[in-house]
Each structure stands twice: as C-alpha cells, then as structure tokens.
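Here are a few notes to read with the model open beside you. Take them one at a time and find each residue as you go.

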Amino acid sequence: MPDPWVRVAGVRVTPRSGKHAGDGGRTRRSYRQETALHTIYDGHAPRHTASGLMRNSRLTTFVLLGALPLLTASAEVRLMVAYHSQTGNTAQMAEALAEGARAAGAEAEVKEIGNVTQADLEQSDAVAVGSPVHMGDVAVPVRKALVDWAYGFGFWRSRGLSGKACAVFATGGAPSNGKEFTMLSIALSLMQYGMVLVTPYGGLGASATTGVPESEKGVGAHELEEARELGGRLAEIAGRLKD
Ligand SMILES: Cc1cc2nc3c(=O)[nH]c(=O)nc-3n(C[C@H](O)[C@H](O)[C@H](O)COP(=O)(O)O)c2cc1C
C-alpha cells in the first residue's frame, strides 16, 4: 500500500479524505492541492510496470507543473500603497514597503493618496496607508481620503474593502510626538471598512523618526528595512486571505 499521506509545500494532506476535509477554516487552495494530489496518487497506485511508471512520472510532472500556480499564493496579489508626503520622507517609506511586497512576489503600486481611485482600491487585494505626523495626528489629505473612500467611493455601503488586508506606516520629526497615534488613527479608519490589519512582528506599523537627532535627519536604513518587511508580510497575508 502506498503511503496515503503526501507532503507538499509543508502541508500534509491525504489523497482522498484530506486532513482538512470538512474543516471550514481551510481554503480553496487546500482543496485544489488535494485535487491535484488525488490525480498523482491515483495515477501511481495501480501501475507497477516500467512503462507504467514512465507514463506516471510524466503525468506527475505534468500535474505538478499545472498545480504550481495554485501553490504560490502571493503571485497574483496586488497591493496599493497610498501615502501623503510633503518633504519626501513618507514617500520613501511607501517605496520601501512596495519593494518588500514585490520581493515577496506581489504586484505593488505606489500613489499619493489623493490620486488613488475607486478602481485602484477595488482591484487591490491589500492596501497600505501612510502619513506624516502633522500636529500629533494624521495629515489632512490622508484623513480626507479615508473619509472620501467611505462616501465618495461608496465603500461604507458596498463593503467593497471588507476582508482585504491592510497595513499602516508613518513618519514624524520627533521620537515621541504622534507616530503611534497617527498609525492607530489610520488603522481604526481601515478597520471601519472591515479590513484586516497586518502588523509587523511587534508594533502597529512601520515608522520613521526623521527630524531628531540633527545629524541623522531623514529616514534611516533600519526604518526602510522595517517598511520592506511589512510590505513582504502584507503581501504574504493578503495572498492567504485571497485564497
Ligand atoms: C505642519 C507640520 C506639523 C508637524 N507636526 C509634527 C508633530 O506633531 N510631531 C512630529 O513628530 N513631527 C511633526 N512634523 C514633522 C513631520 O511629521 C516629519 O518631518 C515627517 O517626516 C514629514 O514627512 P514628509 O516628508 O513625508 O512630509 C510636522 C510637520 C509639519 C509640516
């Protein structure tokens, strides 16, 4: 008897019943993986001749190649990185976040938040929103967009953003003068839309202190790295939510 358990991409599944069969929390991808594996398993089971094995190994390769797109979740994930920036710091963080998402296999577009269209949001699987701290709070163009998305674009009624992944980022001049509050404020708005907040490992979002100390003005390398990591994580989790 062949071993009924097969391991693909770290997921252990049975050919027929499936470890996760009947588990409402599992995704369609798991089901598809199982379906592909059924074919492999069924092809191998009855044949033991050399030509049978040859035929089956060709079948296995064919089926595996066909199943490959189903096993790489983030390949089709689309991210919109929406930001406002007056002097370029938040724009740098936005680009780094998009870089991280692309490195994880997603498509990522970066736009000044006022230029983000309804279609941009509808076609995105995940949205990251960033703002500079202005007087301890979200900059006005970001707040305006977050309200416009509800009523101008109709996402409050349509629930069109519900279930999509989101992430937040901010830059502020001083170490402790509003970055956390700004990120929290953006996050609360995105959660109003039923979006699912993806955070870095520890913390609310990616942030940078840009004005202090005088000798280190601007966005630091480690802060850009944090934004890249968040972008990668957002892409990965958006892929899982999409399946
Ligand atoms: C009108 C205004 C208000 C600001 N208020 C704050 C503030 O309350 N706390 C803070 O840490 N930085 C504050 N800053 C500094 C900016 O948040 C900081 O320079 C930020 O990195 C700018 O981002 P940007 O280059 O993307 O515009 C303020 C800047 C401006 C122009």
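Which residue in strand 5 does L79 stand opposite? Keep that in mind for point 2.

1. First, some housekeeping. This is a predicted model, so to speak of local features we need pLDDT of at least 70, and side-chain atom pairs count only at pLDDT 80 or more, while totals for chains, interfaces and linings use all residues. Residues are numbered from 1 along each chain as its sequence is written.

2. Now the answer: L79 stands opposite A126 in strand 5. Helices (H or I, at least four residues) and strands (E, at least two) are DSSP runs, numbered from the N terminus. Strand 3 and strand 5 are parallel, with five bridges; two strands pair if DSSP finds at least two bridges between them.

3. Strand 3 also pairs with strand 4 (residues 107-112), again in the parallel sense, over six bridges. There, L79 stands opposite A108. Five of the six residues of strand 3 are buried, so the rest of the structure largely encloses it. (Buried: 20 or more other C-beta atoms within 10 Å of the residue's own, with C-beta atoms placed from the backbone; exposed: 12 or fewer; partly exposed: in between.)

4. Strand 7 (165-172) is mostly covered too, with eight of its eight residues buried. A165, A167, F169 and T171 point one way, while C166, V168, A170 and G172 point the other.

5. Who are the partners of strand 7? Strand 9 pairs with strand 7 in the parallel sense over four bridges, with A170 opposite S207.

6. Next, look at the largest nonpolar core, which has 54 residues; L79, A126 and F169 are among those with the most contacts inside it. (A nonpolar core is a set of buried Ala, Val, Leu, Ile, Met, Phe, Trp, Tyr and Cys residues joined through C-beta atoms within 7 Å.) Helix 3 gives the most to this core, seven residues.

7. Finally, the ligand. Of the 20 residues around the ligand, S85, N89, T90, P132 and G172 come nearest. (Near means that the C-beta atom, placed from the backbone, lies within 6 Å.) Helix 3 (89-103), strand 5 (126-134) and strand 7 each supply at least two residues of this shell.
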